Structure formats: structure tokens, C-alpha cells
Amino acid sequence: MYDFLTSIELYYFLKGPMVWVAFIVFIGGSSYRVVSLLRGVKKSGAIYSYMSLKYSLRSIFHWIIPFASTNMRKRPWLTLVTFLFHSCLIITPVFLLAHNMLMQEAWHIRWRTLHEGTADAMTLTVIACSIIFLLRRLISPDVRFVTSFSDFVILFIAAAPFLTGFLAFHQMLFDYRITTALHILFGEIMLMAIPFTRLSHMLFFWLTRAYTGSEFGAVRHSRDY
Amino acid sequence: MKTRLLIILSAMTVIVLLFPASGYSGEGNKPSGNKMSEKLVIAHTEIFEKPERPQVVFDHGLHAAAFKKEGCGECHPLTPEGNYIFDFPFSAATKTAKEIEDLYHEKCIGCHKKVIKGKNKALPVRCGDCHVRSLEASTIKYPVFEFDFAYHDKHVRALKEKKGKDDCGACHHTYDTLEEDESLRLIYEQGTEESCYYCHDLKKKRGPELSAITQAAAKKGLSIRKVSHQQCINCHLGYIKAGDKAGPVECMKCHTGKYRTISELLNVHRPEREQPKKPFISIEDGKMKGVSFDHAFHEKNTKTCRSCHHETLQACKKCHGMVGSTEGKWINVANAYHDTSSGSGCAGCHKKSKADIKCAGCHHHLPDMDIQAKGPKKETCTVCHSGKKEGFITGKRISLASLDPKKVPEEVTVKILEKQYQASKFPHMKIIRKLAEVSNDSKMAASFHRTMQTICRGCHHQSTAEAEAKDNKPPYCRNCHSIVFDTKNLNRPRLLAAYHRRCLTCHEKMDIKGKGCADCHKEKVPQPKDLLTDTYNMRTISQRGA
């Protein structure tokens, strides 16, 4: 088992074919989910009649800017944690030096990268925020009431690449080669889970905000933020 | 809910237990034992300053062995002259951080991948395979290679054998800063051969003439480390390629950490550059008489020419004139020879020698040479400044035969201070014989201790020969050091201190046994306490009575 996990074959498999599989599932699955949702909406017919670009963008704008909505201002700490979590979760892997080096190695493409220390701090932020989310789900009674087992799994899927990435970067606790393999695997699992779990809010956030914004703006003539 | 949480926690526990916390040790990179012999640290701190990832501990020996057939060119670029550049692999033109980073990754990982595809599957390709966290702070230092006179002589003979004549230009060259055409600046001129260190030791501050060259060398990054590797290894490789007998190219064959001592180099032939054997050093307009200097003798007693000739192999007076000038870093010729803090001058070097355990007994208390005050004794100056061209008298042994046993007793009993201890029996002649033996054993000491009186002055530091010559006027310590403290001469120790300071410090400096009280003077047998008169009590009793 140890030999297998540390083997170069596993590493090559995970950073080669499995990356393609993960991206195909992620992009294909996401496209399928978005298209099928839009088709369903079209079939129902009613929603399209009041969809408005203006109100859609107004809603999205107010929900992607920290403290731009009433709900966010009511829960400032949660807002802070959420924004830190989401921004670090997206920015860190995209602008990480090691990921860029792999792209450089494969396709000779590379862009500006974060300083390793900054990336390390951002990784820790994601891990810390995940712990806060976990505790929130366990402690807060109203959140606990709407929590199912899958929420813990999803939280784990989101946090695991960062946790293993942190361990791999610092080469601590476990054999570096194992944490690297696990890191790549968890990253791929996260990508593949996006279209088929509640992580799909990455795709549907924009659509649900557009719908809600349009309904509140065009139908109810009120604000949804 | 709790059950599910338990499941998660137990799953995590299983994962933790499944993979033992071994921590990647970076096998094959860890410097251990003799395996470290061919390893290098790749960090390029001159470009990256503080690298984001841990430095790479690179096994050069392993790679050199793997590419034995292909040769150094697999990694190292060539100069236009066809010599390998060893300080940075792959490309001579690569200078920016990004270029270096990309090139290392591309070349190293690229090559490793190729080999992995073939047979060897254990080659590093992951970030942490090379950038090992546990080796982040490790330093690998090779012992400096000392190209001593023996190596120099070996090279002179080997080149002569190969070329059929002397070929000093194979290594030696000079840089003509006045030549306009840069390609013609590096030239070899017979008779101007000097040490590589003069121009390529970039850490040292040099005088105006040499610094013009060192600046040019610094601009090109031609440090002693770089040029030594480039010059030596390329030459050796050339002979290896030609199937000829050649010097080593492996790190540890040169960086052995073993160094020859001066005595081991004593019979080794010194480089010939038409240097004078016994020059007469005479400074124009100088107040002092000239010095006949045994250059050949000093050559044999130093490990490098640089020991004295710190910037050029020319005469000292070439840069150090009667008055200070920029050429001589404002050190005039008198100070150049007599500065006791300089390792290059006569007085400074001799001071170091005098600190030897055999010499320190007397010399530790003798003041340093002071040319302004003509100290410690005017007679000292004339030992060198004899004005005689026939040569410095070296190695004349001191004879004890002239000593009159009546005036120079075999044993001296120091009774004057007898009190709590018995009189001290001082083995006077034993000490004289030992000091004379020490002096006669060293050519340097024998050259300066010309007469027996010099040895005597080790202890009798203020007595003059004339006074000693007089009958019944022995040079007693008490002649100057009184038993009670002399309040008018605060720097003159009283007799008790003078004896103890002179004897004990000599024993300490020369590491001679017998530093305890009873070693010199036996303790008197104590009388019963009751019989002793207690003056204090007596007084108080008498006062009471009164």
C-alpha cells in the first residue's frame, strides 16, 4: 500500500489521465446541469417572461460584494468568513506557483503567481474557515437543523485539497509523496463533485440570483439584497 | 447525527493510521557520511535572495557518474573557447530568476522523465523530491583546496614533461587594463606570474593598481572559486579526453581537507621567478642602515608567497614609500615592515612566531616592537639593520661555555621573602640550559638571540651587560623591586609580585608543571597555635588591664 501510494505511476496517473477525466466530468457535468436547468425553466415558460438583465446584474452585484446585502450586514462575522473562504478557495489554486509550474511543464503556459508565503496563509485561511463552518454546523441549532450528512462530506471535499496541499507543501506529518497524491486526488474529486453535489452552487449562484433579482425587481418592485 | 459524526471521525482515524507518519526524508539527497562527498547546494541566493522553496541538495557525483559517457556537456555550457562553465549549468547567458527557474525545471525534470520512461523509476520529478524541506537549512561546505608549493611544483614538472618546455602560461596570465581592445587584455607575460588570489579573490580590498583588475574580474563574476574550477577542471578534462595522464575532476580528489605543513613543504622546490636569494633591503633616504634579508630562507618557512607579498610579488618598497601614498594604502615602508598587527610584515609575522609555547615564556612580557620609541631596546634594531651586505647571520648557536660558574650560579636560593614558606631553591642553570636549547633549536630564535645576554634578559629584563660585568654586583631582582610597595613607582611590582609574576607566568605560558606554592618553596611545619602570640588579643588584654 505504502509503495503504491508513493509510486511514480500513481503520481503520473493522477496528474495525467485523471486530470483529463476530472475536467471532462466537471465541464461536461456542469454544462449538462446548466443546460438541463435552463431547459426546465424554458419548459415551464412562466419565468422567462420577467427575466431582466438589469435586475439580474443588480442582484449578483449586491451578493458578490461583501456587506452589500442586508442579510450580510446582519451577520458580519459569517460574511467575513464566507468571503475569505470563497476568495481564498478560488484564488489560491489558480495562482499557485506549483500549479503553474505543472502547466509550464505540460503546455509551457504560466501566469503571475502568488508568493509562496501568501499562498500558504490563504490555504490556512481556507482550512480555518472550513473548521468554523464545521463547528457552525455542529453547534448552531438552526444550522444543525438543516444539516444533512452530505453537508459534512461536501465540506470535507472542499477542505481536503487544501489540507493535503498544506501538508504536501510543508512536507510534514506524512510522506510527502502520499500527501501529494492525495492532494491531487482530492482536487480532482472536488472538481468532479461540483456539478453533482451542492457544490453546484458555484454554477447556480448566478442563475438563482438572476432569477430572484428579476422577480424582486420586475414583479415585486422591491430589493432582494 | 452523532452516529454520522462518529463515522467521519473513525474514517479520518483510519486514514491517519493507514499511512505511517514517516515524513519524507528525501532519500538520495540527504548528506550522510561519505555520500556527502559529491553533493552541492543549489540555491542561487545571489539571484533569488530568499528562495521560496527549500534549496536543492544536488548529488553531483551521482550525475557525473551517470553521464560519464556523455560528458560534462550534458549540463554545462561551453565558452566560445570551448571550455566548460561550471558555476551555472545549462546556459551561460541565463541570468534572470525566471529563466534560471524554468531552465532547471525543464532540464532536470525533462531528463528525469526520460529516464523514468526507461528503467529507473525512483528519479525525482515532484516538487518536494528535489526541494526537500528537511534539508532547507543544511549547508554543504567543502574544505578549501590549497594549491601549495608541492602541487605547484608537480604542475610545473608535468607541464614541462608534456610540452617539452616550461609552460607557465597554461595557468598564469595577467590583465592589461590599459589595452583598449578587450579581447586582447588577457595576456601572458613571462616573469610576471603571480598568485590567482591577487586578481580573483574578490572579497579583499586591494590597492589602486590591483583593484582596477579585481573590479574587472568582479564584473565578470570571476571569483577564485569560479576560475579555479574552470581553469583546473577544463585543463584536466582536456588531458583526459586526449587519453593522457591528467589530474582529478572529482570534487573530493582536490577538496580532501588535508593540508601540508611548512615542514612537509620544506624540501619542495619553490616557484622560480628570478627572485633574489639574499637581497639587501636599503631604502633611499632611510634613516636606518640596510637589512640583509634571507629571502630563500623565508620562502622555505612560509606556505605561500602571499604570506608576505599580499598584493604583488614585487618588492615591498614598490608600493610602500618613505611616506604614505595611495599605492601603499597610506602605509609607509617603516610601518609595512614593523607593524606588529600585520601578518604580512616582518614584525607582525615574527610576533606570531614568538607566541609559540616555547618562546612565550620570555616573550609574553617583552613589549612589541615600537619603531617610534626604538623599543624595546635600541640594540634590537641593529640585529636586522646591520648595514652589512654579506648576509644576515642565521643559525649561530649560543654557547654556555663562556658562563662563569662563580657569577652564574647553578642554583639560587631566594631567602629574602622567607616567611610562611621556606626559602625557594631556584634551578638557575637548568633554566638557562633549557632556554638556550630552545633558542638553538630554532633558526629564527638563534638569529635574533645573538649572545647569551639576550637569553638572560628573559628574566633580568632591565639589567645591563655593563652592570652584570662588575664584580659582586649580581643582577638581583631586589635591585629594583623592593620588598615593600613603591608608592612613587606605581607600575613597579614589589618583590613578591615580581618573582611570582615572572616565574608563574612563564610556567603558564610554556605549560611547565609546578605551579603550586609547595612546588617552589616548601611550607614551614606549623607550630601549635596555642604557642603563637596573638598580638591583637595581647593588646586588648593589656588595654583591659590598664
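1. Let's start with one side chain. B:Lys98 is partly exposed, at a relative accessible area of 46%. Keep in mind that this is a predicted model. B:Lys98 makes a salt bridge with B:Asp102, where the closest N and O atoms are 2.8 Å apart. Both sit in helix H4 of chain B, and because they are four residues apart, about one helical turn separates them.

2. Now follow B:Asp102 to its other partner. Its side chain also meets that of A:Arg110 in a salt bridge, at 2.8 Å from N to O. This pair crosses between chains: A:Arg110 is in the loop between H7 and H8 of chain A, while B:Asp102 is in helix H4 of chain B. B:Asp102 is buried, with 11% relative accessible area, whereas A:Arg110 is partly exposed at 23%. Through shared partners, salt bridges link A:Arg110, B:Lys98, B:Glu101 and B:Asp102 in one network.

3. What about the interface as a whole? In chain A, 35 residues are in contact with 33 residues of chain B. The two chains bury about 3300 Å² between them, and 62% of that is on carbon and sulfur atoms. There are four salt bridges between chain A and chain B; one of them joins A:Glu105 to B:Lys113, with the closest N and O atoms 2.5 Å apart. I'd also note 11 residue pairs in polar contact across this interface. On the chain A side, the elements giving two or more residues include helix H1 (2-6), helix H7 (97-107) and helix H8 (116-139). That side has 19 nonpolar, eight polar and eight charged residues.

4. The largest nonpolar core has 45 residues, and A:Phe85 and A:Leu199 have the most contacts inside it. Several chain A helices supply at least two residues each, among them helix H3 (17-44) and helix H6 (76-94), and so does helix H4 (97-118) of chain B. H11(A) gives the largest share, nine residues. Apart from neighbours within four places in sequence, A:Leu199 is in contact with A:Ile154, A:Ile157, A:Met190, A:Ala193 and A:Ile194. A second, separate core has 11 residues, including B:Cys362 and B:Ile455.

5. One last pair, this time within chain B. The side chains of B:Glu182 and B:Lys220 form a salt bridge at 3.1 Å, N to O. B:Glu182 is in the loop between strands S3 and S4 and B:Lys220 in the loop between helices H8 and H9 of chain B, so the pair ties together parts 38 residues apart in sequence. B:Glu182 is partly exposed at 46%, and B:Lys220 is partly exposed at 40%. Over all chains, the count is 26 salt bridges.

Technical notes
Residues numbered from 1 in each chain as written. Chains lettered and ligands numbered in written order. Predicted model: local features only at pLDDT ≥ 70, side-chain atom pairs only at ≥ 80, totals over all residues. Heavy atoms only, no water. Contact = heavy atoms within 4.5 Å. Buried area = accessible area lost by both parts, 1.4 Å probe. Polar contact = N/O pair within 3.5 Å; in protein donor to acceptor, adjacent residues only side chain to side chain. Nonpolar A, V, L, I, M, F, W, Y, C, P; charged D, E, K, R; others polar. Core = buried A, V, L, I, M, F, W, Y, C linked by side-chain atoms within 4.5 Å. Buried < 20%, exposed > 50% of the residue type's maximum accessible area, 1.4 Å probe, protein only.
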